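Me: Help me get through this one, please. I'm pasting it here.

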Amino acid sequence: MNGTGCEWILSERIKKETQAFHGKRVPAYVWVTLGVTLLTLLLHAIGMSGDLVNVALIYLFPVLVSAVYWGMGPAVYAASFSVIMFDFFFVPPYLSFTVEDLRYLISFVVYLAVAILTASLAGRLRQQLEMVKAREATTNSLYALSRQMTAITDLNTLLVNIATQVSLTLGKPAAMYLPDGQGDLLVTSSSSPASEAEKGGWGDGESEIAIAKWVYHHGQIAGKGSSTLRESPGLYVPLRTEEQIHGVLAVSMDADEVHEQQEQLRLLEACGGLAAGAIARVKLAEEARLAQITAESERIRTALLDSVSHELRTPLTAIIGSATGLLENDILFTPEDRRELTVNIRDGALRMNRLVTNLLGMVRLESGMLQLNRKWCDVGDMISVVLTQVREFSLHRNIQVELPDDPAFIYGDEVLLEQVLVNIVSNAIKYSPDESQIVITVASDKSSSQLTIWVADQGIGIPEAERICIFDKFYRSESTQHVTGTGLGLAICKGIVEVHGGTIVAEPNLGGGTRMRIELPMEAHGSRFPYSEQGEVEE
């Protein structure tokens, strides 16, 4: 914002105040008349009729007051009316406009000159005071505009704020034009009309949009006050940065004098430059966000392909090798060898099945297609099923289960909850040494109707900084790169548990290793499982 633009704003505001003040001129003149009349009566009442010099000086007070509060016109009127009252009531012959001594005429002229000069000086001081106040208001307005542009990160909100703030600053309707996806320039935001008389949706007309398109395509200023289309009622400024033109800022103008139009043009150019910078900043931020999302998607895609290809290749190789051996060298193998090869085929198939199940589960979770088949589930039975599924992989682990005295039931999807426990227990087996102990503890809190399941191992443990990251998709800790895995299991567990309204966290085990804590609500719609002491269950 240049200094000339600020001066123009100040002159505009002073002009408005002056115009508003014109409607109050009649009361001002009335007050001046009453004041001078009362002053004359007061001077007579206190007996100063003979002290003409002091009386003339006292008559300067209404002139100064009028200049300070009402401007030059009332001040001149006060001076003239004071001369008349002074001549009529104090200069001999009294109660007459004639004068005995013609030298009084010179005194009247001098008095008028002094009064007018004094009123002029007082009026200038008043004008400077108003300019200082208006400058402070303008500075606050521009500071607010700059601060809003800096804080806003949404493009639509930014455009609305720019149009509104420019309209408030100039006191005129403003509109913003930006191109859509096809490159057509459209009105993206428009300020509220500055007054009732200006209602009518300024900026939406065909002629206004046509001028805005011309400005956008040619990159030149057009409208009133410029060298192009100067008959237009609006002024259009391209929102230009060094790289491109982002749109057009337009304001309805009513200035008729050339210097006022030039001042408006310079002010709007400054606002347009500020707006263009803010728009460019928001667009760059959006592009950076999209680039980050694209990079993250590419990273996930690469991780998915690497993990899936590795996880599928290993069991497939085992299955193909074992099946080929059985088919081609059946007579060479003993029954124990054939059983071992068959077990290898089964383990490879189960491993592939878990991988495909995890992938499908992640797809269903992220797509929102996961539908819970809720029913009352016995947690003890679920753990038995889980132990059966991981039995072949836990031959060298001591798995201990601690259940509460009363059977624990939970209202959820039994298949999905079993998948959660299979993944948690499988991880405990994978990341713990042989002959170590894995403890599965179940506890129910009747007061809060919450079920807690702990799965504690004596493995390598998880660093504190990674205890949250391990629930991200495809996240693999540096310390576990030697163990096969996709990094999907815990992410799926977290998604399933949260769908059930629960939480899952990783915490250090007191005896070394890791303890996974799963908390699930036991109740469904405020009702607990209908369990009786005799073990009868009412469905």
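Predicted model: local features only at pLDDT ≥ 70, side-chain atom pairs only at ≥ 80, totals over all residues.

Me: Good to know. What does Ala443 touch?

Reply: Leaving aside residues up to four places away in sequence, Ala443 touches Gln450, Leu451, Thr452 and Trp454. Touching, or contact, means heavy atoms within 4.5 Å. Ala443 has a relative accessible area of 28%, so it is partly exposed; buried means under 20%, exposed means over 50%, and partly exposed is in between (1.4 Å probe, protein chains only).

Me: And how many residues apart are Ala443 and Ala408 in sequence?

Reply: They are 35 residues apart in sequence, and their C-alpha atoms are 8.2 Å apart in space.

Me: Zooming out, how many helices and strands are there in the protein?

Reply: There are 13 helices and 12 strands. The protein has 539 residues, and 40% of them are buried. Also, take the contacts between residues at least 6 apart in sequence: 63% of those join residues at least 24 apart.

Me: OK, helix pairs now. At what angle do H4 and H5 pack?

Reply: H4 (residues 60-70) and H5 (residues 72-89) pack at about 165°, and their axes are 7 Å apart. That angle is why H4 counts as roughly antiparallel to H5. Axes are lines fitted to C-alpha atoms, for helices over the stretch in contact, and angles run from 0 to 180 degrees between N-to-C directions. Under 35 degrees is roughly parallel, over 145 roughly antiparallel, 65 to 115 roughly perpendicular, and the rest oblique.

Me: Which residues make that contact?

Reply: H4 brings Pro62, Val63, Ser66, Ala67 and Trp70, and H5 brings Met72, Pro74, Ala75, Ala78, Ala79 and Ser82. By class, nine are nonpolar, two are polar and none is charged. Nonpolar covers Ala, Val, Leu, Ile, Met, Phe, Trp, Tyr, Cys and Pro; charged covers Asp, Glu, Lys and Arg; the others, Gly among them, are polar.

Me: Which residues of H5 are buried?

Reply: Pro74, Ala75, Ala78, Ala79, Phe81, Ser82, Val83, Met85, Phe86 and Asp87.

Me: Next, which residues does a cis peptide bond join?

Reply: Pro92 and Pro93, with omega at about -10°. Pro93 is in the loop between H5 and helix H6 (103-151).

Me: Switching to H13. At what angle do H12 and H13 pack?

Reply: H12 (residues 414-430) and H13 (residues 489-499) pack at about 145°, with axes 9 Å apart. From H12 the contact uses Leu416, Gln419, Val420, Asn423, Ile424 and Asn427, and from H13 it uses Gly489, Leu490, Ile492, Cys493, Ile496 and Val497. Those split into eight nonpolar, four polar and no charged residues.

Me: How about H10 and H13, at roughly what angle do they cross?

Reply: H10 (residues 335-367) and H13 cross at roughly 45°, and their axes come within 10 Å. H10 and H13 are therefore oblique to each other. Asn358, Met362 and Leu365 in H10 meet Gly489, Ala491, Ile492, Gly495, Ile496 and Val499 in H13. That contact has six nonpolar, three polar and no charged residues.

Me: Last one: is Glu435 buried or exposed?

Reply: Exposed, because its relative accessibility is 64%. Glu435 is in the loop between H12 and strand S9 (437-445), and it has a positive phi of about 65° although it is not a glycine.

Key. Residues numbered from 1 in each chain as written. Heavy atoms only, no water. Helix = DSSP H or I, 4+ residues; strand = E, 2+ residues; numbered from the N terminus.
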